[in-house]
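Please examine the sequence and the structure shown below. A short report on selected features accompanies them.

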Amino acid sequence: MNDIVVGMGEALWDVLPEGKKIGGAPANFAYHVSQFGLESCAISAVGNDALGTELLENFNRKGVNYLIENVPYPTGTVQVEIDQAGIPQYEIKENVAWDNIPYTARLEALAERTRAVCFGSLAQRNVVSRNTINRFLDAMPKDDNRLIVFDVNLRQGFYNKEILCNSMKRCNILKINDEELVTVSRMFGYPGIDLQDKCWILLGKYNLKMLILTCGINGSYVFTPGNVSFQPTPKVEVADTVGAGDSFTAAFIANILKGKSVIEAHKKAVDTSAYVCTQQGAMPVLPSYITE
């Protein structure tokens, strides 16, 4: 059984103007992967508090498999303000449970059965969770069939060049958006060239299988050595964009693992994230025309 797809990092509450919603990229990713019929698992930590209990109850109700430890820190929260364009602005509380994900024997056993993992930069802001992520990646089997996805996911000032560089070396699929690509290019010293050339440079420099570039309403690209797939972004009535990027990544990876071509998986990813944008919150049930 080497077929589990793992989302690893922050599990938290997005506190929106209309109330709180369950959030965190790894949980969003794991939830959407499972909707495509694959076994998935969210890895994180919560506190011994009411918010932690409620978060796990939500996961249970939504059918999200998880390996989430209880730690003596408060469960994570994010204050989310939605601007006039429907774009979320985040204020992420520090030194919370998901900053302190412990490395355990259960985690090591899961790593040995993991076919694909998705992690980001945010959960690496604290050394405890950063070390746990790195040890998990080290414990995964070393064969060419494993997908190690680094979804850059820059938030506030919670990243640095060393973390980004190490993560890019460890991944074989890089997911980045156009704004993040500008930031990363400045840090890495090639700011003056166009977005596609920057992607080709990163693909070659880090010997990646794929680089996924999302550009909001301007479409998305998947670069593979020698080829590029482009898909326009469908025009939809946007409720909010929270979790749309995570659903894109989940749909893409799930369909690649199911044997679809890059172009087919890319189209599914675009359709999935467009649908999620029409719904409130990050974890709507996907319609069968998308998941079939």
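## Basis of the report

This is a predicted model, in which local features need pLDDT of at least 70 and side-chain atom pairs count only at pLDDT 80 or more, while totals for chains, interfaces and linings use all residues. Residues are numbered from 1 along each chain as its sequence is written, and side-chain values use heavy atoms, with hydrogens and water left out.

## The sheet

Helices (DSSP runs of H or I, at least four residues) and strands (runs of E, at least two) are numbered from the N terminus. An open sheet is formed by 4 strands in the order 3-2-6-7, with mixed pairing; two strands pair if DSSP finds at least two bridges between them. Strand 3 (19-23) and strand 7 are at the edges with a single partner strand each, so one side of each has no neighbour in the sheet.

Strand 6 (residues 76-82) pairs with strand 7 in the antiparallel sense over 5 bridges. Q79 stands opposite E91 in strand 7. Helix 2 (residues 50-62) packs on the sheet and touches strand 2, strand 3 and strand 6, where contact means heavy atoms within 4.5 Å.

## Helix 5 and helix 6

The axes of helix 5 (residues 161-170) and helix 6 (residues 178-188) cross at roughly 105° and come within 11 Å. Axes are lines fitted to C-alpha atoms, for helices over the stretch in contact, and angles run from 0 to 180 degrees between N-to-C directions. The two helices, helix 5 and helix 6, are therefore roughly perpendicular to each other, a term for angles of 65 to 115 degrees.

Helix 5 contributes K161, L164, C165 and M168 to the contact, and helix 6 contributes V184, M187 and F188. These residues comprise 6 nonpolar, no polar and 1 charged. Ala, Val, Leu, Ile, Met, Phe, Trp, Tyr, Cys and Pro count as nonpolar, Asp, Glu, Lys and Arg as charged, and the others, Gly among them, as polar.

Definitions and conventions: Parallel < 35°, antiparallel > 145°, perpendicular 65-115°, else oblique.
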